[in-house]
Amino acid sequence: NPRQVATFGSSGNGGRHDCAIKTDNTSVCWGENSQSQLGDNTTVDCGVGSNSTTPKYQKTACAVPIFDDNTAQGNLKEVGMGEKFTVWLDNNGKVYSAGDCDSGKLGTSCGATDHKIGTTVMTGVKDIDVGRNITCAHKNDNTLHCWGENSSNGITTANSNDVETPLQIATNVDKFDVGNSFVAMVY
């Protein structure tokens, strides 16, 4: 009984994975898990066939994400996927991320340590959107905060360094969308 499904697929880089939020506000995931992007505290692929007669990417939800806040599972609102990482938003406005820590994608200044479980990024959020290597969170006060790869200045033109923690990039935001390497918004 999925209420929302998110997917990320990119050939050749190990980033094909999916997650769903079910009607009971829990999350399940499947696919490649080389960087713990399924958030289940492993790096074991889930629902992936192993022979030529079985499709490589089956639609078998078999990973149950774990969060650093044990009230998250059963209280989830939204999920978004990027290249080897996943971001969840719960109904209390808390954002979690799991997976590859490269390029600031997790928003937690994690250095070289991937998150194997959903780890808290920020609170006070009403909506999220995820691109290939960028995530943005629309807060309750209508500010927009983003993090991730900034090599093309898609988050900020102040510098081309990756944004390791949520950076407020706008106020009075009504709507927004995240692309592969840019952010668009309506004030």
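Predicted model: local features only at pLDDT ≥ 70, side-chain atom pairs only at ≥ 80, totals over all residues.
**Exercise 1.** Work out which side chain makes a polar contact with the side chain of His115, and which residues His115 touches once its neighbours within four places in sequence are left aside.

*Solution.* First look for the polar partner, which is the side chain of Thr108, at 2.7 Å from the side chain of His115. Then widen the search to contacts in general, still leaving aside the neighbours within four places in sequence: the list holds Gln35, Ser36, Ser97, Ala98, Gly99, Leu106, Thr108 and Cys110.

**Exercise 2.** State how many salt bridges the model has, and describe the one formed by Lys94.

*Solution.* Side chains of opposite charge can pair when their charged atoms come close. The count for this model is three salt bridges. In one of them Lys94 pairs with Asp69, and their closest N and O atoms are 3.0 Å apart. The two residues come from distant parts of the chain, 25 residues apart, since Lys94 sits in the loop between strand 5 (85-90) and strand 6 (95-99), while Asp69 sits in the loop between strand 3 (27-31) and strand 4 (76-82). As for accessibility, Lys94 has 19% and counts as buried, and Asp69, with 18%, counts as buried as well.

**Exercise 3.** Explain which parts of the chain are tied together by the salt bridge between Glu83 and Arg132, and compare the accessibility of the partners.

*Solution.* Start with the distance: the closest N and O atoms of Glu83 and Arg132 are 2.6 Å apart. Glu83 lies in the loop between strand 4 and strand 5, and Arg132 in the loop between strand 8 (125-130) and strand 9 (134-139), so the pair ties together parts that are 49 residues apart in sequence. Finally, Glu83 is buried at 14%, whereas Arg132 is partly exposed at 27%.

**Exercise 4.** Decide whether Lys105 and Asp100, which meet in a salt bridge, are buried or exposed.

*Solution.* The side chains of Lys105 and Asp100 meet at 3.0 Å, N to O. Lys105 has a relative accessibility of 3% and is therefore buried, and Asp100, at 11%, is buried too.

Note on methods. Residues numbered from 1 in each chain as written. Heavy atoms only, no water. Polar contact = N/O pair within 3.5 Å; in protein donor to acceptor, adjacent residues only side chain to side chain. Contact = heavy atoms within 4.5 Å. Salt bridge = Lys/Arg side-chain N within 4 Å of Asp/Glu carboxyl O. Helix = DSSP H or I, 4+ residues; strand = E, 2+ residues; numbered from the N terminus. Buried < 20%, exposed > 50% of the residue type's maximum accessible area, 1.4 Å probe, protein only.
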